[in-house]
Amino acid sequence: MSFGPPIDPNARTASFPASPGNHARPSAARYLVPALVAAAVAVGLGAYGKVHDPAGTAFNLAGFSSTGAVKSWLGTAALAFALVQIVSAFAMYGRLPGVRAASWTPALHRWSGRIAFLLAVPVAVHCLYGLGYQTYSSRVMWHSLLGCFFFGAFSAKMLLLRAERLPGWLLPVVGGAAFTALTVIWLTSALWFFRTVGVTT
């Protein structure tokens with residue numbers, strides 16, 4: 001019984017058009033939107049800190065002697081967790097010779113970044129509300145400038161994490177920029193406090 005015309009085994013295989021979304025070049029908006037959001041966050045924080053009349057308020061936690069000590073230790077903890085995130089990222093990308101990423105490394109990477117951000121938020125809130133954007137010395141100027149830049153870069157990174165078909169270098173560059181900014185923020189605040197006042201709580 002025949003169910004159709006015979007099939008020629010030598011016939012050319014039909015080709016089907018590729019899905020239009022599979023190899024499409026990423027839209028410029030994929031990069032423009034995170035960049036604009038980053039700029040808006042950084043400039044917005046800086047503008048608020050500049051025009052806002054510093055309240056001079058202080059906050060404290062049990063066991064700490066001053067606001068400076070609280071902020072310095074919170075900033076130090078934030079930098080430590082950010083360092084864990086950087087090292088775990090190197091492990092996941094195979095950039096640590098002789099180190100193989102464990103199954104829990106991605107979770108460690110995500111949570112260390114979240115904790116670092118949460119620790120940095122109260123410090124930034126007090127800096128902006130209580131002290132404002134200050135430029136009376138080079139140390140303070142760089143601290144204020146990079147504080148705004150850090151939250152802008154962090155916002156861009158969060159948006160880029162949800163984007164698809166990004167260049168492999170983009171997220172490491174943005175994440176590295178945020179980590180570098182956080183490091184200089186720590187150097188111009190917590191380290192300065194510890195060297196000036198002493199390593200105290």
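In which crossing, left-handed or right-handed, does helix 3 pass helix 4? The crossing of helix 3 with helix 4 is left-handed. The model discussed here is predicted. Its protein chain contains six helices and zero strands, and along the sequence these give the pattern α-α-α-α-α-α.

**The chain as a whole**

- The protein chain has 201 residues, of which 30% are buried.
- Among contacts in the protein chain with a separation of 6 or more, 75% join residues 24 or more positions apart.

**Helix 3 and helix 4**

- Two packed helices are described by the angle between their axes and the distance between the axes.
- For helix 3 (residues 105-131) and helix 4 (residues 138-161), the angle is about 135 degrees and the axes are 12 Å apart.
- Helix 3 and helix 4 are therefore oblique to each other, since an angle must be over 145 degrees to count as roughly antiparallel.
- Helix 3 contributes Phe117, Ala120, Val121, Ala124 and Cys127 to the contact, while helix 4 contributes His143, Phe151 and Phe154.
- Sorted by class, the contact of helix 3 with helix 4 comprises seven nonpolar residues, one polar residue and no charged residues.

**Phe151, a residue of helix 4**

- Phe151 belongs to helix 4.
- The relative accessibility of Phe151 is 15%, so this residue counts as buried; the cut-off for buried is under 20%.
- Leaving aside residues up to four places away in sequence, Phe151 touches Val41, Leu45, Phe117, Ala120, Val121 and Ala124.
- Phe151 and Phe117 are 34 residues apart along the chain, and their C-alpha atoms are separated by 9.1 Å.

**Helix 2 and its end**

- Helix 2 covers residues 67-92, which is 26 residues.
- From its first C-alpha to its last, helix 2 reaches 37 Å, close to the 38 Å expected at 1.5 Å a residue.

**Helix 2 and helix 3**

- The axes of helix 2 and helix 3 come within 8 Å and cross at roughly 150 degrees.
- Helix 2 and helix 3 are therefore roughly antiparallel to each other.
- The crossing of helix 2 with helix 3 is left-handed.
- The contact of helix 2 with helix 3 includes 19 nonpolar, nine polar and one charged residues.

**Helix 2 and helix 5**

- Helix 2 packs with helix 5 at an angle of about 150 degrees, and their axes are 10 Å apart.
- At that angle, helix 2 is roughly antiparallel to helix 5.
- Helix 2 passes helix 5 in a left-handed crossing.
- On the side of helix 2, the contact is made by Gly75, Thr76, Ala78, Leu79, Ala82, Leu83 and Ile86; on the side of helix 5, by Phe179, Leu182, Thr183 and Trp186.
- The contact of helix 2 with helix 5 divides into eight nonpolar, three polar and no charged residues.

**Val173, a residue of helix 5**

- Val173 is located in helix 5, which spans residues 170-187.
- With a relative accessible area of 48%, Val173 is partly exposed.
- Val173 and Lys157 lie 16 residues apart along the chain, with their C-alpha atoms separated by 9.6 Å.

Terms used:
Residues are numbered from 1 along each chain as its sequence is written. This is a predicted model: local features need pLDDT of at least 70, side-chain atom pairs count only at pLDDT 80 or more; totals for chains, interfaces and linings use all residues. Side-chain values use heavy atoms; hydrogens and water are left out. Axes are lines fitted to C-alpha atoms, for helices over the stretch in contact, and angles run from 0 to 180 degrees between N-to-C directions. Helices (H or I, at least four residues) and strands (E, at least two) are DSSP runs, numbered from the N terminus. Angles under 35 degrees count as roughly parallel, over 145 as roughly antiparallel, 65 to 115 as roughly perpendicular and the rest as oblique. A crossing is left-handed if the near helix is turned anticlockwise from the far one by less than a right angle, and right-handed if clockwise. Contact means heavy atoms within 4.5 Å. Ala, Val, Leu, Ile, Met, Phe, Trp, Tyr, Cys and Pro count as nonpolar, Asp, Glu, Lys and Arg as charged, and the others, Gly among them, as polar. The expected span of a helix is 1.5 Å times one less than its number of residues. Buried means under 20% relative accessible area, exposed over 50%, partly exposed in between (1.4 Å probe, protein chains only).
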